[in-house]
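Biologist: I would like to learn how to read a few features in a structure like this one. Could we go through them together, one at a time?

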Amino acid sequence: MQPGQIDSGAIAFLSHGDVTHAGFERANGKVHELSPPDAHDRDLTDAERPSVHAFRLDGITDQMASQLERLFDLNIAAGIKYSYFDLLRYEFNIAQDGDQQSYCSRYVMHCLALCRCPLPLLRCTQDQVTPWDLWRSTRLIEEPL
């Protein structure tokens, strides 16, 4: 659950788990995420640290990591928006409608796929993945934050 995020409870309810957010740790130590209002980088707050878990994706190469770093910069510049409407599309199993808006876990899977990284989940489509689904992946190896 994200401390201070009023929508965390709703996301936990919709995804049937208590993991409510997904993002990336950048090489510079910042968090890259898609959360309201858009894709951005930020520092973790002290209040968040006890709730955050960091993972390494098994099979990711240095080249893939470099491609992700470049993609993050491009996505910030492109102004990718967070979409509550896309969360409702997920809940009602309606196809997503593009790449200029999304929600956090869909964004994670989409970025990984664009950079041809191994996907942490094989049975979930990019449009039907929740933070809880990612949390349960055996391809994610927990590391100290």
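**Reading the aromatic pairs, the core and a hairpin**

Modeller: Happy to! Ring centres within 6.5 Å make a pair, and by this rule the count comes to two aromatic pairs. Keep in mind that this is a predicted model.

Biologist: What is the angle between the planes of Phe24 and Phe72, and what does it make the pair?

Modeller: The angle decides the class: under 30 degrees is stacked, over 60 is edge-to-face, and the rest is tilted. For Phe24 and Phe72 the planes stand at 45° with the ring centres 4.7 Å apart, so this pair is tilted.

Biologist: Is Phe24 buried or exposed? And is Phe72 buried or exposed?

Modeller: Here the cut-off for buried is under 20% relative accessible area. Phe24 has 13%, so this residue is buried, and Phe72 is buried too, at 2%.

Biologist: How do Phe55 and Trp135 pair?

Modeller: Their pair is edge-to-face, with 85° between the planes and 5.6 Å from centre to centre. Phe55 sits in strand 4 and Trp135 in helix 5, so the pair ties together parts that are 80 residues apart in sequence. Phe55 is partly exposed, at 32% relative accessible area, and Trp135 is partly exposed at 33%.

Biologist: Which residues touch the most other members of the largest nonpolar core?

Modeller: The general idea is that in soluble globular proteins, nonpolar side chains tend to be buried together. In this model the largest nonpolar core has 24 residues, and Leu68, Tyr107, Cys111, Leu112, Cys117 and Leu134 touch the most other members. Helix 2 and helix 4 each supply at least two of the core residues, and helix 4 gives the most, with six.

Biologist: What does Cys111 touch, beyond residues up to four places away in sequence?

Modeller: Cys111 touches Phe24, Leu68, Leu71, Phe72 and Asn75. Two of those names, Phe24 and Phe72, are the partners of the tilted pair.

Biologist: How do strand 2 and strand 3 run, and how many bridges join them?

Modeller: They run antiparallel, joined by five bridges. A hairpin connects strand 2 to strand 3 through two residues, and His32 stands opposite Asp41 in strand 3.

Biologist: With which side chain does the side chain of Arg42 make a polar contact?

Modeller: With that of Glu33, at 2.5 Å. Arg42 lies in strand 3, and, setting aside neighbours within four places in sequence, Arg42 is in contact with Lys30, Val31, Glu33 and Glu48.

Conventions: Residues are numbered from 1 along each chain as its sequence is written. This is a predicted model: local features need pLDDT of at least 70, side-chain atom pairs count only at pLDDT 80 or more; totals for chains, interfaces and linings use all residues. Side-chain values use heavy atoms; hydrogens and water are left out. A nonpolar core is a set of buried Ala, Val, Leu, Ile, Met, Phe, Trp, Tyr and Cys residues joined through side-chain atoms within 4.5 Å. Buried means under 20% relative accessible area, exposed over 50%, partly exposed in between (1.4 Å probe, protein chains only). Helices (H or I, at least four residues) and strands (E, at least two) are DSSP runs, numbered from the N terminus. Contact means heavy atoms within 4.5 Å. A polar contact is a pair of N or O atoms within 3.5 Å; within protein, one must be able to donate a hydrogen and the other to accept it, and residues adjacent in sequence count only if both atoms are side-chain atoms. Two strands pair if DSSP finds at least two bridges between them. Rings of Phe, Tyr and Trp (its six-membered ring) pair if their centres lie within 6.5 Å; planes under 30 degrees apart count as stacked, over 60 as edge-to-face and the rest as tilted.
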